[in-house]
Amino acid sequence: SLSFGGYWAWDPVENASLVPWMILIAGLHCMAIYKATGNSLRASYFFIILAYGFILYSTFLTRTGILGDTSVHSFTEAGMAMNILIGLYVIALPLPVIILFILNYKKIPAIQKEENISSREFWMFIGSLIFFLAAMFIIAITSVPVYNKIFGSSIADPQDREFTYNKVMVMVAIIIGLLTAVSQYFKYKQTVKKYLTTKLLFPFLISVAIIILIAFVYPITFIKHGAGFLGAIYLALFATIFSVVANASYLWSVLKGNLKAGGGAIAHVGFTLMVAG
């Protein structure tokens with residue numbers, strides 16, 4: 001619309017809205033794990049606290065004008081007094097909560113037993129961790145102007161901003177696509193391998209057919225960054241299509257069309273369809 005450069009151009013203000021959302025998603029998944037198994041309560045607290053903290057930090061990024069030279073739609077300089085007030089606000093609210101979390105960490109209920117690798121909670125936690133690490137990667141690069149301002153350094157912004165993010169996030173898209181495809185079929189505590197392969201075989205074959213059809217009818221020709229990155233794009237597209245088909249199949253074959261019980265599957269379909277786009 002304004003020259004952001006594409007569907008998602010990794011503009012700092014775009015990132016400032018994305019990062020808290022990603023951390024919140026990690027927290028909500030951990031809360032679902034805790035509700036079902038009693039695991040991951042500590043992680044739930046941690047992610048939710050950080051989600052709130054990064055909402056405030058995102059406000060700092062956009063309102064103080066610190067991104068004025070790197071973003072086409074951040075606010076202009078608000079003035080020293082306002083910047084100090086916003087900065088103090090960002091520190092004053094999350095910091096006491098983080099300190100309380102650390103001091104009471106051992107008092108938070110936790111099950112002293114590792115999750116089974118064939119359980120739903122194990123893979124939900126892995127997905128949450130990947131979401132969190134991806135958010136940290138995004139905000140670390142987005143915050144380069146902040147480092148320069150605070151420490152007086154002169155770290156250069158990436159020359160190819162989009163590829164700096166995309167070469168990592170395309171791998172995240174592959175992993176998240178696959179996890180959201182299969183995780184719904186896992187059962188809490190433990191899952192029988194035969195059940196999993198039986199339920200996922202048909203969605204997998206359908207997804208393979210769709211990606212082959214796309215390759216012939218509407219091939220992706222983005223070769224700017226070489227064949228390796230193009231291959232990664234195809235893998236990410238397959239993973240997200242697989243997630244859409246597998247979750248739609250889960251709604252039909254496992255939940256028997258009960259949409260009230262299918263909130264997770266519906267959300268996965270919407271999210272991975274957006275990533276496929």
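Residues are numbered from 1 along each chain as its sequence is written. In this predicted model, local features need pLDDT of at least 70 and side-chain atom pairs count only at pLDDT 80 or more, whereas totals for chains, interfaces and linings use all residues, and side-chain values use heavy atoms, with hydrogens and water left out.

The protein chain contains 10 helices and zero strands, where helices (H or I, at least four residues) and strands (E, at least two) are DSSP runs numbered from the N terminus. Along the principal axes, the C-alpha atoms occupy a box of roughly 60 × 55 × 30 Å.

The axes of helix 1 (12-37) and helix 2 (residues 41-63) approach within 8 Å and cross at roughly 165 degrees; axes are lines fitted to C-alpha atoms, for helices over the stretch in contact, and angles run from 0 to 180 degrees between N-to-C directions. Helix 1 and helix 2 are therefore roughly antiparallel (angles under 35 degrees count as roughly parallel, over 145 as roughly antiparallel, 65 to 115 as roughly perpendicular and the rest as oblique). The contact of helix 1 with helix 2 (heavy atoms within 4.5 Å) comprises 20 nonpolar, four polar and no charged residues, with Ala, Val, Leu, Ile, Met, Phe, Trp, Tyr, Cys and Pro counted as nonpolar, Asp, Glu, Lys and Arg as charged, and the others, Gly among them, as polar. Among the residues that meet are Val13, Pro20 and Tyr34 in helix 1 and Leu41, Phe47 and Thr62 in helix 2.

For helix 5 and helix 7, the axes come within 10 Å and again cross at roughly 165 degrees, and these helices are therefore roughly antiparallel to each other. Their contact includes Trp123, Phe131 and Thr142 of helix 5, together with Thr164, Met169 and Leu179 of helix 7, and by class has 15 nonpolar, three polar and no charged residues.

The second largest pocket holds about 560 Å³ of space. On a 1 Å grid over the protein atoms alone, a pocket is an open set of points where a 1.4 Å probe fits, with protein on both sides within 12 Å along at least five of seven lines, and lining residues have an atom within 4 Å of a point; grid points are joined across faces, edges and corners, and the volume is the space filled by probe spheres set on the points. Of the 26 lining residues, His29, Met124, Gln184, Gly264 and His268 are the closest to the pocket centre. Helix 1, helix 5 (120-142), helix 7 (161-182) and helix 10 (263-276) each give two or more residues to this lining, which has 16 nonpolar, nine polar and one charged residues.
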